[in-house]
Amino acid sequence: MKKIRLAVLGLGRIGRLHLRNLCTAIPDVEVVATFTPSPEGKAFSQELRVKSCDEPTEIFSDPQIDAILICSPTSTHADYVEEAARARKAIFCEKPLDLSLNRVRDTLQVVANCGAPLMLAFNQRYDPDFMAIKRYVEGGKVGDVYMVRIVSRDPSPPPIKYIEHSGGLFMDMTIHDFDMARHIVGSEVREVYAKGAAIIDPAIGQAGDIDTGVVLLHFHNGATAIIENSRKAVYGYDQRLEVFGSHGMIEARSPLKDNVRYYDETGGHHARHPDFFMDRYASSYLLEIEAFIDALRNRRPMPVSGIDGLQAMFIADAANKSLREMRPVTIS
């Protein structure tokens with residue numbers, strides 16, 4: 001079997017995770033090169049015996065490279081995706097493509113014109129529990145979907161410097177839940193109603209963002225989704241998904257660090273929730289890269305497209321407008 005040759009742009013937390021998975025856990029692939037301005041990233045690349053390039057142009061121009069993973073800062077995504085598409089490389093890009101809807105549209109047009117395969121990284125689709133729920137829904141186990149409920153709470157807020165450039169709670173955090181709701185319901189969102197406030201940290205409000213929010217989505221097929229977000233849960237990373245329909249209900253509870261239960265005279269005790277999203281979703285990050293490689297190797301459509309990312313951005317944009325104007329917003 002011919003090896004697929006890849007390169008990785010950006011070696012922050014996610015880039016290093018993907019690089020390690022590619023080098024140690026996925027067969028019949030070869031990471032040819034990386035690019036990062038970070039000394040720590042370069043050292044990590046050398047540790048895994050992967051060449052570190054001085055400029056990203058070295059990667060785009062290398063004819064041996066079949067595919068590029070773009071894990072660099074958001075501000076570089078659109079430029080790198082367009083360069084990779086023009087170089088006829090397959091592309092895996094961390095979300096979002098850009099914070100501007102117009103720029104995302106323009107970039108997706110370049111990708112389409114070049115015929116480049118593009119997968120956008122919505123890793124939560126590949127959480128094993130969420131994948132099982134999707135199979136149950138597609139198999140008709142819950143019948144007609146009436147309502148989806150998603151709870152997404154982080155252990156603690158990110159640094160204010162990050163929040164200032166994140167695009168806001170709905171574009172940065174809830175966008176995963178918007179994508180998951182579309183993915184599970186199998187329909188597009190018709191109307192969005194959002195409420196929220198900065199009640200955890202006043203500095204988040206001063207930065208122009210919120211840290212606590214609730215979003216109500218109405219879909220064209222009649223289903224409804226309720227999404228609850230918080231930047232801080234003192235007990236750890238809390239992620240839950242529930243689907244209610246005409247034949248019953250299915251749920252995925254938030255996992256704990258272990259499954260041990262201890263009972264004494266004071267009651268029952270169990271482990272905490274995971275403390276970090278990279279612990280909570282470790283398996284999903286590996287599975288999504290495997291899905292990218294599988295689609296590339298077997299010449300199948302990418303399982304999460306740029307259009308999926310654009311649709312989630314439409315919902316996030318409508319949620320922000322709803323929050324500002326205190327009214328439901330229709331997505332045309």
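# Pockets, a cavity and helix contacts in a predicted model

The largest pocket has a volume of about 1300 Å³, where a pocket is an open set of points on a 1 Å grid over the protein atoms alone, with protein on both sides within 12 Å along at least five of seven lines. A volume is the space filled by probe spheres set on the points, which are joined across faces, edges and corners. The model is predicted, so local features need pLDDT of at least 70 and side-chain atom pairs count only at pLDDT 80 or more, whereas totals for chains, interfaces and linings use all residues. Residues are numbered from 1 along each chain as its sequence is written, and side-chain values use heavy atoms, with hydrogens and water left out.

**Largest pocket**

- The lining of the largest pocket is made of 45 residues, and R13, I14, Y162, D172 and F277 lie nearest its centre; a lining residue has an atom within 4 Å of a point.
- By class, this lining of the largest pocket holds 22 nonpolar, 14 polar and nine charged residues, with Ala, Val, Leu, Ile, Met, Phe, Trp, Tyr, Cys and Pro counted as nonpolar, Asp, Glu, Lys and Arg as charged, and the others, Gly among them, as polar.
- At least two residues of the lining of the largest pocket come from each of helix 1, helix 4 (74–86), helix 8 (169–172) and helix 12 (282–297), and helix 4 supplies the largest share, four residues; helices (H or I, at least four residues) and strands (E, at least two) are DSSP runs, numbered from the N terminus.

**Second largest pocket**

- The second largest pocket has a volume of about 330 Å³, and of the 16 residues that line it, I4, D66, L296, R297 and R299 are the closest to its centre.
- Helix 12 gives the most to the lining of the second largest pocket, with three residues, and by class that lining has eight nonpolar, no polar and eight charged residues.

**Cavity**

- One cavity of 30 Å³ or more is found in a search of the whole structure, a cavity being a set of points where a 1.4 Å probe fits but cannot get out, and about 40 Å³ of space lies in the largest cavity.
- The residues that line the largest cavity are Q124, F130, I150, V151, S152, D177, M180, Q239, R240, L241 and Y281, and the elements that give two or more residues to this lining are strand 7 (145–153), helix 9 and strand 11 (238–245).
- By class, the lining of the largest cavity divides into six nonpolar, three polar and two charged residues.

**Helix packing**

- The axes of helix 1 and helix 2 (residues 39–47) come within 11 Å and cross at roughly 5 degrees, where axes are lines fitted to C-alpha atoms, for helices over the stretch in contact, and angles run from 0 to 180 degrees between N-to-C directions.
- Helix 1 and helix 2 are therefore roughly parallel to each other, since angles under 35 degrees count as roughly parallel.
- Between these two helices, R16, L19 and R20 in helix 1 meet F44, S45 and E47 in helix 2, contact meaning heavy atoms within 4.5 Å, and the residues of this contact divide into two nonpolar, one polar and three charged.
- The axes of helix 6 (residues 128–138) and helix 9 (residues 174–185) come within 9 Å and cross at roughly 30 degrees, which makes helix 6 roughly parallel to helix 9.
- F130, I133, K134 and V137 of helix 6 make this contact with M180, H183 and I184 of helix 9, and by class the contact has five nonpolar, one polar and one charged residues.

**N21 in helix 1**

- N21 lies in helix 1 (residues 13–24) and is buried, with a relative accessible area of 12%; buried means under 20% relative accessible area and exposed over 50%, with partly exposed in between (1.4 Å probe, protein chains only).
- Not counting residues up to four places away in sequence, N21 touches I26, Y285 and L286, and N21 and E290 are 269 residues apart in sequence but 9.4 Å apart in space, C-alpha to C-alpha.

**Backbone geometry in loops**

- A cis peptide bond with omega of about -10 degrees joins K95 and P96, and P96 lies in the loop between strand 5 (90–94) and helix 5 (101–114).
- R88, in the loop between helix 4 and strand 5, has a phi near 60 degrees, a positive value in a residue other than glycine, and R88 is exposed, with a relative accessible area of 56%.
- R299, in the loop between helix 12 and helix 13 (306–325), has a positive phi of about 55 degrees although it is not a glycine, and R299 is exposed, with a relative accessible area of 78%.

Definitions and conventions
Angles under 35 degrees count as roughly parallel, over 145 as roughly antiparallel, 65 to 115 as roughly perpendicular and the rest as oblique.
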